[in-house]
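Visitor: I would like to learn how to read a model of this kind, feature by feature. Could you take me through it, giving the general idea before each case?

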There are 2 protein chains.
Amino acid sequence: MIPQTTRDELFDLIGSLTSDRLSAQLRFVVEIDRLKTILRRTPIIDLSRRENDAEHSWHLAMMAMLLREFASPGVDVDKALRMLLVHDIVEIDAGDTFLYDETGQEDQDEREQRAADRLFGMLPAEQGTDLRALWDEFEAHESETARFARTMDRLQPFLHNIFTGGAMWREHGVNAAQVRKRMAVIADGSSQLHQLVLGLLDEAVRREFLPAGPAA
Amino acid sequence: MIPQTTRDELFDLIGSLTSDRLSAQLRFVVEIDRLKTILRRTPIIDLSRRENDAEHSWHLAMMAMLLREFASPGVDVDKALRMLLVHDIVEIDAGDTFLYDETGQEDQDEREQRAADRLFGMLPAEQGTDLRALWDEFEAHESETARFARTMDRLQPFLHNIFTGGAMWREHGVNAAQVRKRMAVIADGSSQLHQLVLGLLDEAVRREFLPAGPAA
Ligand SMILES: [Ca+2]
């Protein structure tokens, strides 16, 4: 990393060369590079390392493009795509909260709200408000667009688990009953995708990628 | 990596559980995970490692969202965003070609065309054709949308270089005259962004992030 003083001097120079508005936008562009260093629990499919939030967000946006036909008619797919690009940015400050960690989830909301204030607050006001609204909509998962986006966010790590022989499930002692519970929301997005997930999960138990867990 | 036989069995199972169409789409979703392993010359800004193509594509799509006001009126920003998500996928087979490597660029086009045939050919026909068209449009950089997308693709590594004290420029012996030449196309996208790049490049030379190179 270059020294913070050099960095500040470079931003001052940008401030003198161009508008305050572009200057603020570029500070944000540089800041969000840190999303590439926020690691998730899930490995990439070749198992060489853990996945980071930036490449995860790219993968989700690609899935939204590719699987748009599974979106219900009320979904704005281009908006879902922007939502997925933005949805994890708060983790720059708040860190990744593991889907199966119920303790970490307790103060997650407060940490993420503070992170959203700081990060989206770096942008010109109306642009920060727009991005914050996109993130709020995703988090509320009430709109059809947000539900479709969440379907992608659940389906992608599930596929990573299937195609790594359940690496993350085994490492963290997750069972199929827990996965089934977390994947239930996929049915809100698409029943065809949900059925497929249930079928693959049964196969994963048969192959001992993860234990079945307590019967429902 | 799980054994190829297990992987094939899992895809066969998906084929039996769902439509051929969704099955092909999911094969592609799994295949493109490999973009996370294609490394670029540019480091991430904290200098901890090189950047990969997937997180790079995410960063460009974010920049297109953030800097949309610099797009000329003919630009379809949502399309530029999809274009940027897709633009490097061929590098899964063809590898990253360094912007300043003139030898590598000779057979780049042929390698990338073959890669596009194989990768986009994995998808249901009309969807593969759509993604290929998006990539072809980006590569041709004739449409205003493609030019705006290219502006993001040049500006992002430039900012990485500036905010890493010219790490990649120095490692690869790149001089400011070469950078100026490569950045000229930014003017097609936005003269305000181009002027800023030129100002920052002068400062980078003053700070010895890179040598000036032969006078123009
Ligand atoms: Ca997350």
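Visitor: Which residues does R7(A) touch, leaving aside those up to four places away in sequence?

Guide: Contact is taken here as heavy atoms within 4.5 Å. By that rule, and not counting residues up to four places away in sequence, R7(A) touches M1(A), I2(A), V30(A) and E31(A), together with I45(B) and F163(B) of chain B. R7(A) has its place in helix 1 of chain A, residues 4-17, where helices (H or I, at least four residues) and strands (E, at least two) are DSSP runs numbered from the N terminus. This is a predicted model, in which local features need pLDDT of at least 70 and side-chain atom pairs count only at pLDDT 80 or more, while totals for chains, interfaces and linings use all residues. Residues are numbered from 1 along each chain as its sequence is written, chains are lettered from A and ligands numbered from 1 in the order in which they are written, and side-chain values use heavy atoms, with hydrogens and water left out.

Visitor: Is R7(A) buried or exposed?

Guide: Buried means under 20% relative accessible area and exposed over 50%, with partly exposed in between (1.4 Å probe, protein chains only). R7(A) counts as buried because its relative accessibility is 11%. T42(A), in strand 1 of chain A, is likewise buried, with a relative accessible area of 3%, and T42(A) touches R50(A), E51(A), P157(A), H160(A) and M168(A), again not counting residues up to four places away in sequence.

Visitor: What area is buried between chain B and chain A?

Guide: Buried area is the accessible area (1.4 Å probe) that two parts lose on being put together, summed over both. Between chain B and chain A this area is about 6100 Å², of which carbon and sulfur atoms give 73%, and 69 residues of chain B are in contact with 69 residues of chain A.

Visitor: How many salt bridges does the rule find across the interface of chain B and chain A?

Guide: Side chains of opposite charge can pair when their charged atoms come close. The rule asks for a side-chain nitrogen of Lys or Arg within 4 Å of a carboxyl oxygen of Asp or Glu, and across this interface it finds 8 salt bridges. One of the pairs between the chains is R21(B) with E69(A), at 2.5 Å from N to O. The largest share of the side of chain B that touches chain A, 10 residues, comes from helix 3 of chain B.

Visitor: Which residues have a positive phi without being glycine?

Guide: Most residues other than glycine have a negative phi. L47(A), with phi near 65°, lies in the loop between strand 1 (39-43) and strand 2 (50-52) of chain A. H141(A), with phi of about 30°, lies in the loop between helix 7 (125-140) and helix 8 (144-162) of chain A.

Visitor: Which residues coordinate the calcium ion?

Guide: Donors are N, O and S atoms within 2.8 Å of the metal (3.2 Å for Na, K and Ca), and as water is not among the atoms, sites may look incomplete. The calcium ion is coordinated by D88(A) through OD and E91(A) through OE, at 2.7 to 3.0 Å. D88(A) is buried, at 5% relative accessible area, and E91(A) is buried at 6%.
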